[in-house]
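Reader: I am new to this. Please show me the structure, and then let me ask about the terms.

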Amino acid sequence: MAEHRNAVPGQWKSLRELKTGKRAETQALHGSAPLQASDLADGLSRRRFMTLLGASAALAAGGCARSVDRGKVVPYTNRPEEVTPGKANYYASAWSEGAQVYSVLVKTREGRPIHLEGNDEHPAYGGKTSLRTHAEILNLYDPDRLQGARAGERELPQEQAVDALRQSLNGRVLLLTGADLSPAREALFERLRSQVPGLERRQWEALDNSSEVLGSAELFGERHQWRFELNKAEVVLSLDADFLGEYANGTSQARQWSKGRLVADRKAQMSRCYVAESTMTVTGSKADQRLRLPASGQAELAYALAAGLRGRGVPLPAGVDGGLLAEFRLDAVARKYHLDMAVLEALLQDLAHAGKNAAVLAGQQTGSTCHAAVVLLNTMLGSVGHCLHLEPVGSRQTLDAEGRRATIREMASGQWDTVILFGVNPVFDTPAAWGFADAFAKVGRRVSLCLRADESAEACTLVIPVSHWLEAWGEYMTPDGMRCLQQPVIEALHGTLQGEDLLLRATGLEGNYLDHIRDFWANQVQPAGSPVPFDRFWHTVLHDGIYRSPALAARGNRLNGDAVAARMRELDKLTDKGHTGAEVLVLPSPALYDGRCANVGWLQECPDPVHKMTWGNALLLSPAEAEKLHAETGAIVRLSLGSKSWDLPVLVAPGQADHVAVVHAGGGRTTGSVCNGVGFNAFELADRPETATMELVEKAREDVVLQTQEHHNLEGRDHVRLFSIEDYAKHKEKHYHVDPYLKKGYDFYPEREFPGNRWGMVLDLAACTGCTACVLACQSENNIPVVGPERVAKGREMHWIRLDRYYEGSADEPMVLQQPMLCQQCDNAPCENVCPVAATSQSEDGLNTMTYNRCVGTRYCANNCPYKVRRFNYFTYTDKRQPLDLAANPEVTIRDRGVMEKCTFCIQRVNSARAQAKAEGREIRDGEVRTACQNACPTDAIVFGDRNDTSSQVARAWENERSYRVLEELGAKPAIHYLADMRNPAVAQASESGDHDEHH
Amino acid sequence: MKVLDRLLRVGLPLTVAAVLATVITVGWMVEPDRYMVGYAPEQPIPFSHKVHAGDNNIPCEYCHTGARSGRHATIPSVDACFKCHNVTRTDSEWIGQLREIRDSGRPLEWERIHDLPDYVYFDHRPHVAKGIACQECHGPVEEMDVVRQATSMRMGACLECHRGERIYTTMEEPYPTAPVSCGTCHR
């Protein structure tokens, strides 16, 4: 193995690389042709050889058989007016996950939804949407979906199921739903109560922002939650709030945040982002200054900051006890948690200076005490009402932890005759210590209205399948007044009804849920006295998907100083506790959230944005903590909480705080053909009072923690670059990087000409958060298969776009750099001239095209690709189970065994736009072709377009001073430019990072 | 040695001839131009393009409405027939069958004639927009009672036009060349 050359001292991809200066030998060396590609070479017996020879001959004979039957062609019998075969239709709809409502556009082909995008008219989304929203397509077509109702072992036809449900709606009935932001649904349950007086509805969420709500409720006497306008913030302080990821609405917050991070030229101002967090998240990886601080220490820091602000003359809100606050000292907090006092001083200075242009956010895991401090801090800064808003929670009255435990106690004591689980899975996602399953078993009638037979359904006496949201009606309202309509875009695949309709039928009420929503909207939503007929109003909203009504008004109560004081006193007690063992944090998984969508293969195989782990979860430990246990990534550690213990795989997480053990939720499902047995259930560990003790039980193994980061290695050249904004402003010469050899025309290929369009892409690393939404959007658009954990372990994942994560600095406190890597569409593509059958070639508009039907699978191209972006179909990976075929994009070929593939710049979109432009006799307009990844990127880090059009967005970004090409010295002339990452640190870094490109 | 001599003199030429004959026969049999051109299966409804497009001069795009707006020219839906046949030839047996199909909503399965492989993404839009007549590829459909495939529709036929080598039958001058990179059709 060649000695590791590191053009950028201090950059590393994995801990092994940091320690030894070498990459993992197993997979990375082989790039796209991993070790196991050659596994037959070792000890191939004669018999095995003959078997393979025979099999190949048989396969060749079978595979070459050609049918002359051309099949049938079946037109519509009665064609729906809006459907033209071959043309996509878009419908506005919406769905909600936990407390978030996502307004989406559903792309349908011949009546089947195939792709989801954000609704471009919704102000919070502007055409963007979350990672998991993209995966909802696969959730709809999940072959595991329940197709018929059953009571115990007995299968029930739908009418009988409704009858059984009717009989269950008797006596005291508890209806558990997820967080609900639908006023019409709320009204529906009110109507049901007229028929079933004993009915009570409660909202059950495993991971919610209840500590935020509780913190504010104490302070104002009313339940509040935060809504952000981070685009107005000059300074953002996150206290364990992953606001670019899983805290509140990551998609919309990332959009807002990126507005302050656009560096168009040298004079640009940049917002500054401080993050104090317990484990490295996407937010921490984009921080300008990052502090390692356990969740339990965040409140102390927050109060100390408030005290510090007061010391700088910022007045306290009336009624808050200044004397008590003065006990919190910043230097004491810095000493206790080993924080850099210089950073804290700078933070305090920045907060005081920014005033109302500063925003302080805190994550759910920091507890309501910290949230009370955050309210106090933001009130002192004056940013409430400017950068962030406290708004009433509206219809979303989610049960907090105490509420959920009370519900469990009530079930155990027989207070409920019937419990109906409507779209929730509490058997799986309730902390095991609370004993939900046992209490639930004591309820007489247990009903589940669910998509799949999940863990809770298995514990129910009556299980009725319901429709997916893409097959159902709905409506939502967020407290800011934005209303969204959800409309079905496909008829129920399995003939199911939506849960609301089941309840309406079972109670014998008039009409269906659509009628109910329309009535509600006619009476409550459409402004009274509007001259517009309701039908027209309704169809307009249905078309747009959104409607803005007045925001919910907060009562405007004064901040209760006594409540703050009580919280501070409580914290004083906490301070004395000291550290014994590790605190266990159960956090939402970046891909799987709380595990409700764990059966979606796309999400299981989606690499974690920071740790690049797929298929399962692990115990995240800081390098120092792991060192103490002599554990490495892949080792098994026994974690004990009180009398219970679990053997868990370890993932050493650079940048994590010490004395913290982090586990991501979503693993450990026991039902579902995809997710069954993947990972462990983090809720088992949740909410136990003890601190954890750990010991090593098994040394590291390779196949335990499946990380994709060391696959497809770029050999440590300086492909990711970084400036601090200060260095950038000081530099005189352009950073545009051209290798001296290329300048001399040192190229033995003739210059290519691109007379028409010349497609190019610019990726802004300063804007990219590594959120991975692009990977999912690409997967949905381009029919990219899921390969499964065994093959990911061999480095055979098929994603066309990957996010390379690089660390810089020490393992304890590293800086993270993210770089999306996809086919660079080189003008002089190294892959092209090694292909023996010319299956990959340059097009006249600058694309490096891949012709599957020519490809014979030599894999020369992948070996010769310096960017390691080509993917090979070692097997037929496409899941052929019905109805998964309906999820495929008909404009993209389904690749078969033996074929190479890679990013095409969404050539299907390019070609379609070109054909349309030609049909209309015009040129393709700038912005007319948008790639799937570009559409999905919440921060608009991806710009795509025609470089020949000098006024195009991409041509302008191409000329940006920060722009460079990766591995330019190879002379491949990629059609992708990167804009160097940009940070705005307050305190000078130990290592100068501004001179990267002078290394050549 | 005599045996070997005879083998070489007679056996070798015979073997070569046999191999050649096999190759030529098989090659001829699987030659797409041979077995694809002229394919004219019997259709479930004996729709005559000659009557409609020829005798009655109905433009192609009156029924194949997608050709200008989308990738596919589209086969007209059954209800589209009744744009005319609500009043025309309502007594015909076949129109009666069509009406029954329309009313019952059951699918009408036509025999596919023009079938490009799955990895070819042909788009009607630019071709129609350039004024290339349907007949250039589909042959004189307006003269066919039973539609048959008139051209091979192989890649060579596409490239002939795209490279500007073809003499068009319905255009007065050769048309300028079109893209020939693989990505034009394959993706």
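Reader: At what angle do helix α11 and helix α12 of chain A pack?

Author: The model is predicted, with local features needing pLDDT of at least 70, side-chain atom pairs counting only at pLDDT 80 or more, and totals for chains, interfaces and linings using all residues. Residues are numbered from 1 along each chain, chains are lettered from A, and side-chain values use heavy atoms, without hydrogens or water. Helix α11 (residues 330–337) and helix α12 (residues 341–354) of chain A pack at about 145°, with axes 10 Å apart. Axes are lines fitted to C-alpha atoms over the stretch in contact, and angles run from 0 to 180 degrees between N-to-C directions.

Reader: Which residues meet between α11(A) and α12(A)?

Author: A:L330, A:D331 and A:A334 in α11(A) meet A:M341, A:L344 and A:L348 in α12(A). Contact means heavy atoms within 4.5 Å. By class, five of these residues are nonpolar, none is polar and one is charged. Asp counts as charged, while Ala, Leu and Met count as nonpolar.

Reader: Why is α9(A) called mostly covered?

Author: Buried means under 20% relative accessible area, exposed over 50%, partly exposed in between (1.4 Å probe, protein chains only). Twelve of the 14 residues of α9(A) are buried, so the helix is mostly covered. Among them are A:Q298, A:Y303 and A:L309.

Reader: What span is expected for helix α9 of chain A at 1.5 Å a residue?

Author: The expected span is 1.5 Å times one less than the number of residues. For the 14 residues of α9(A) (298–311), 20 Å is expected, and the helix reaches 20 Å from its first C-alpha to its last. Just after α9(A), A:G313 takes a positive phi of about 95°.

Note on methods
Helices (H or I, at least four residues) and strands (E, at least two) are DSSP runs, numbered from the N terminus.
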